[in-house]
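Here is a short walk through one structure, stop by stop. Open your viewer, have the selection tool ready, and follow along.

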Amino acid sequence: MKKIIKENSKKTKEDIKLTKNTRIFLYTLGVILCLISLILLFINIRPHTETEEVVVNSYNITTGASYRVHLKENNVFEEEFLEEGRVYPSAITDFINIDFKSELAVTNDLSISGDYIIQAVLEGYQTGKDEEKVPVYEKIYPIVEGRVMESVTSSASINESLSIDRAEYRNYAQEIENALGGETGKDFYVELSGKYIVDGEEKTFSYRIDIPINNDKFYEIRKAEPGTNSGDIKESNLVNVIPTFSSYAIFILLIFVSAGILVFVRFFTSNMEGKELEQKKLSELMRKYGSRMVCIENLPDISQKSEIRVKSIIDLIELADEIREPVLYIEGEKELPKDGKIYILSKDYIYFFESNV
């Protein structure tokens, strides 16, 4: 009986050919990436403490004002005051009643204190280029100063009422202009400003009403919407943090990637040697300097010329520029210089560069 022995033919594994420098670079990259990933994984996988800012309270400050304009005795209006938002006749109005109000509210009881001032501000100016106001003088007249007494509470408020006589401040402006020797444009406003101290933190506020003091027959008073200032009061605490997988998963992935690079280089690549390495170097050389070379079919008779080997292709290119001769090569395998040689022919010499592995 015949025995048929089947021999399994072994296929020789073909490694990927890389230059020695490329393999060293990949080895180095893999090792460095692995070490960095291990260090970062060790740092991020351990439980640790972190400083966390926690909102412990919230505050809101609202500041505004209301006003009424007092009427002199007249036969036009029956009431004693004109309310906000009207056009006021200078001839039959004198002083303006203003009620300033500022309120602070916090979510939870805290230590609250503060201080404030109400002052009248008179500003003189000249109009410059582009209708821009150029300051000439500023005069401040304090009217009321006050304090918010410290207490542990969830709210605080400021309420101040005062009367402003437009004529009084018009006279002040006239005295200043007399001293200056000329008339200026004038802005006049009354402003409440100050600060609340909330659990040791300062929270400022301000609000103003603009009142014309010129000699126009009619005038309007300008005031803005109530000013607001709100925010959170935070506290820093140390908290224990147990890392989640998502916080260090990237480092595990990088370890696998670096290990993959090392395995790939070790078992699936080998050093490029001999002819392959020479052709690779020639390919790189032609990619860089091929545009400076001329391909010829064969060399003329050079038996009477002395051969001079040039150390590098750069030296050969520079020499060609200096002696004004072309760089030549004979096409060999894969359209590369035959035998790795590149030439310059001169009258008495043949200069050549030979690519060696």
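A residue is called exposed when its relative accessible area is over 50%, buried when that area is under 20%, and partly exposed in between. Keep in mind as you go that this is a predicted model.

**Stop 1**

Start by selecting Phe-245 and Tyr-248. Both residues lie in helix α3, three residues apart, which is about one turn of the helix. Is Phe-245 buried or exposed? With a relative accessible area of 52%, Phe-245 is exposed. Tyr-248, by contrast, counts as buried, at 15% relative accessibility. Now look at the two rings: their centres are 5.5 Å apart and their planes stand at 80 degrees, so Phe-245 and Tyr-248 make an edge-to-face pair.

**Stop 2: two helices side by side**

The crossing of α1 past α3 is left-handed. Which classes of residue make up the contact of α1 with α3? Colour by class and you will find 19 nonpolar, four polar and two charged residues there.

**Stop 3: an aromatic cluster**

Next, select Tyr-141, Tyr-169, Tyr-172 and Phe-188, which form one aromatic cluster. If you count ring pairs with centres within 6.5 Å, the model has nine aromatic pairs. Zoom in on Tyr-141 and Tyr-172: the ring centres lie 4.9 Å apart and the planes are at 15 degrees, so this pair is stacked. Tyr-141 belongs to strand β6 (residues 133–165) and Tyr-172 to helix α2 (residues 166–180), so the pair ties together parts that are 31 residues apart in sequence. Tyr-141 counts as buried, at 17% relative accessibility, while Tyr-172 is partly exposed, with a relative accessible area of 26%.

**Stop 4: charges over rings**

For the last stop, show the side chains of Arg-208 and Tyr-189. The charged end of Arg-208 sits over the Tyr-189 ring, 3.7 Å from the ring centre. Then move to Lys-341 and Phe-352. Where is Lys-341 placed relative to Phe-352? Lys-341 lies over the face of Phe-352, at 5.4 Å from the centre of the ring.

Key. Residues numbered from 1 in each chain as written. Predicted model: local features only at pLDDT ≥ 70, side-chain atom pairs only at ≥ 80, totals over all residues. Heavy atoms only, no water. Left-handed = near helix turned anticlockwise from the far one by under 90°. Helix = DSSP H or I, 4+ residues; strand = E, 2+ residues; numbered from the N terminus. Nonpolar A, V, L, I, M, F, W, Y, C, P; charged D, E, K, R; others polar. Phe/Tyr/Trp six-rings, centres within 6.5 Å; stacked < 30°, edge-to-face > 60°. Buried < 20%, exposed > 50% of the residue type's maximum accessible area, 1.4 Å probe, protein only. Lys NZ or Arg CZ within 6 Å of the ring centre and 35° of its normal.
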